[in-house]
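Have the sequence at hand as we go.

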Amino acid sequence: MIDAAGIAFQIVQSVLAVLIGPLYVGWVNQCRAWLQNRSGPGLLQPYYMLARLFHKEPVIAEHASPLFRATPYVLFGCMWLAGGIVPALATDLPFAPAADIIALVGVFALARVFLSLAALDIGTSFGGLGARREMMVGFLAEPAMLMTLFTAAFISNSTALTTIVETLAHREFAIYPSLAFAAVAFLMVLLAENARVPVDNPATHLELTMIHEAMILEYSGRHLALIEWASAIKLFAYTAIGIALFAPWGIAEGSNWSALPVALVALAAKLVLAGAGLAALETVSAKFRLFRAPEFLSTAFLLAVLGMLIHFLGRG
Amino acid sequence: MRIEDLPIEAEPVPGAVPAWHAVVPAGQLRDLCSRVKEKGGRLVALWGSDETDRGEGYALHVALVIRSGLVCFTVPLAHDHPRYPGVADIFPAADRMQRATYDLLGMHARGNPDHRKWLRHGAWPAGVFPLRKGYDPGAVHSRVEDRYPFVRVEGEGVHEIPVGPVHAGTIEPGHFRFSIVGEFILRLEERLGYTHKGVEKLAETMTLAEGARLAGRVSGDSTVAYAWAYAQAVESVTGTEPPAPAVWLRAILLELERIHNHLGDLGYLGNDVALAFGFFQFWRLKEQVLRLNQELFGHRYLMDVIVPGGVARDMPLAGIEKLLDLASHLEREVATLRGIYDEHAGAQDRFIGAGRVAPSLAAELGLTGLAGRASGLAWDLRVEYPVPPYDGLEVRMATHRNSDVAARVSVRFDEVLESLRLIRALLRALPAGDLVVPLGGARPGSFGVGWVEGWRGEVLIGLHVGEQNRIRRMHPHDPSWQNWPILERAVIGNIVPDFPLINKSFNLSYSGQDL
């Protein structure tokens, strides 16, 4: 049922997803800096960077097709959609029916396809290099991601993310070993999909080692700003999915005004923890040799399948 | 006098370096090179000079290592169409040196299969040779087209990635042409010379004393090694003996330079495997060294401290204490960090097995310096021909046989610790007295040589004296000349994303070989 509160929740979450993404990235970077004994650039640095990029003139390759110009907008749209429908604040959002796990994976895949095509479009060798590495990572990450989500879906007998979250949030005291496997698998996919260490290095300047960065080398100005912003929203959306699946406590159920403050505080606290954890993980890891990435993602897939099997064994 | 069993009469070159000089006819060059090679010798440097203003032709200079030290051959060549028999088939490292000699002086190496230009990038037209005496250094050329035929690799699925000379990071310019299939590197071809500055031409306008500043700027990260090698060369031609306290300080400076470069590289190697922790820790330590350099010697990278005849400035008295403190501090920290690197599975997985240069190949191609020692070539100038004060220090050479990135990391760690030990030993025995003596006059036409084990490898300065204590010809030689071609071999069979790591593990100089 859609009421005023539901619409308000939806608006708050959609705006939040867009605004909080860069702050979350800023927090992860800040934690990384602290762990490396540096003072760090400050939480707001990603916003400054976006503002700077928006003020710059975009330079576009001579032979770029409209696809190249359209991709930043497609990317931003996909990530905004994903960030807006993941139940981060409340379960009863008007757009919630769209948050089907298969559709969600599809939205991420759409963004990936556009970015890879845009990278190939301008015809530089680095674009091609990045696109084909991204595809190698993507075709292994997607099934692992789906398996992870299916494990959770089996518990709640639904592929709708809201239903899954409601089910899991209600049965606080039930223990799901299957979810433990799924959580580890999900974390591995999150690292790979968001171009984090150990699969990719978001801070590198070595063009030959890049995956994500190699694809966006030719972007500048507002186009680059949109892509960077979309990446930040993506990291937020992935984290929100993880929180919704594996730590949903505190989420507002139903359209209840009074639940909003609690939900906001709970989400903020969980993001702070998740960001710090991500930074810690990145600090202690070295980047894999490229061909370890398939092994890494196959392991994620295997863990997700194990989780699913455990679920069936536990039931039987 | 006869030297070893070479069929020539050679004159000893005065000075600290054990060196001989001989004028040999062009016809004998290849035979001599083959004999040296058979005895395990290798090529250090090859350069040319224009002698036409003295009524002669051109001259080729070849510096080789033999058992007793360094032997330099001068080969007089004809005035018209100077040609000499190429030696690149005997010493593969000679290939690029011969091509550069042609670009700068128009001296043609017969029998060299590769006739492509090396240092000429279109800033001056073909047929113009800037190092010839008649060339006007102020001449302005319109840019000519710069075409360089890379070797193409054919086959299904093979494609090329051109990288550089402009890179995404702030590093020196160089072009790398990869032929790859999938991610596997089939062939790498380097194109260097983007930082050609005309160092050698500029040197010819200077006096022997003025040249010290220039020599110290050939490759900024090795400024101490270059400055010392230049000082040795000048002291050799002027018959000057640098005072003992100056020589002791020079060694301290050289070891400080080795330490801060190795620390920087170890940090970079961590960074290249996304271990930012290692990067910041090592660079923190490097910064401590640089700041102490600034405090004690007035320059973070120790430029212009070493001058011909001694050193330009004394260390403050408190310096001994501070250096000793730094040494014990670094020793602790480096040992801890080494433990972390060694036990980090992720980093070791990247380091081990990457960029191998088999010891046999390394020996065949003449790999030198730090990279050579990591490929089983146990050769360190400080050990083989120790000049004072190294003769009393018994430098322990760091070597490794695994020849991969991990081996080069390990050698760096060992060398940092050994350099700290050497600094301690030097500080304990630091003699007192004058730091600089006035230079004597140099006989026009005389030849001097300087040869120092810098952090990257052996730096050589060949110095030909002109009238009135001026430089007639100065050739600074960086070990990167030898090692760049071997990087091309080291990456074969590796994957593209490992190249930056392998490259960094060598960390060769662009400026030093582009001149």
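Contact here means that the C-beta atoms of two residues, placed from the backbone, lie within 7 Å. Helices (H or I, at least four residues) and strands (E, at least two) are DSSP runs, numbered from the N terminus. Before going on, please note that this is a predicted model, in which local features need pLDDT of at least 70, side-chain atom pairs count only at pLDDT 80 or more, and totals for chains, interfaces and linings use all residues. Residues are numbered from 1 along each chain as its sequence is written, while chains are lettered from A and ligands numbered from 1 in the order in which they are written.

Back to H11(A), which covers residues 292-315. Its 24 residues reach 35 Å from the first C-alpha to the last, close to the 34 Å expected at 1.5 Å a residue (the expected span is 1.5 Å times one less than the number of residues). Among its buried residues are Leu297(A), Phe301(A), Leu303(A), Met308(A) and His311(A). A residue is called buried if 20 or more other C-beta atoms lie within 10 Å of its own, exposed if 12 or fewer, and partly exposed in between, with C-beta atoms placed from the backbone.

Now look at another pair in chain A: H3 (residues 66-85) and H9 (residues 221-246) pack at an angle of about 20 degrees, with their axes 8 Å apart. The axes are lines fitted to C-alpha atoms, for helices over the stretch in contact, and angles run from 0 to 180 degrees between N-to-C directions. H3(A) and H9(A) are therefore roughly parallel to each other (angles under 35 degrees count as roughly parallel, over 145 as roughly antiparallel, 65 to 115 as roughly perpendicular and the rest as oblique). The residues in this contact include Tyr73(A), Phe76(A) and Trp80(A) of H3(A), along with Leu226(A), Trp229(A) and Lys234(A) of H9(A). By class, the contact has 14 nonpolar, two polar and one charged residues. In this scheme Ala, Val, Leu, Ile, Met, Phe, Trp, Tyr, Cys and Pro are nonpolar, Asp, Glu, Lys and Arg are charged, and the others, Gly among them, are polar.

In chain B, the axes of H6 and H7 come within 7 Å and cross at roughly 160 degrees. H6(B) and H7(B) are therefore roughly antiparallel to each other. Leu256(B), His260(B) and Leu263(B) of H6(B) are among the contact residues, as are Phe279(B), Phe282(B) and Trp283(B) of H7(B). This contact has twelve nonpolar, seven polar and one charged residues.

How do the two chains meet? Their contact takes 25 residues from chain B and 22 residues from chain A. On the side of chain B that touches chain A, strand S8 (158-163) and helices H7 (276-297), H9 (345-351) and H15 (499-506) each supply at least two residues. H9(B) gives the largest share, four residues.

Finally, follow H15(B). Eight of the eight residues of H15(B) are buried, so this helix is largely enclosed by the rest of the structure. The buried residues of H15(B) pack against several helices of chain B, including H6 (244-272), H9 and H13 (405-428). Just after H15(B), Asn507(B) takes a positive phi of about 40 degrees.
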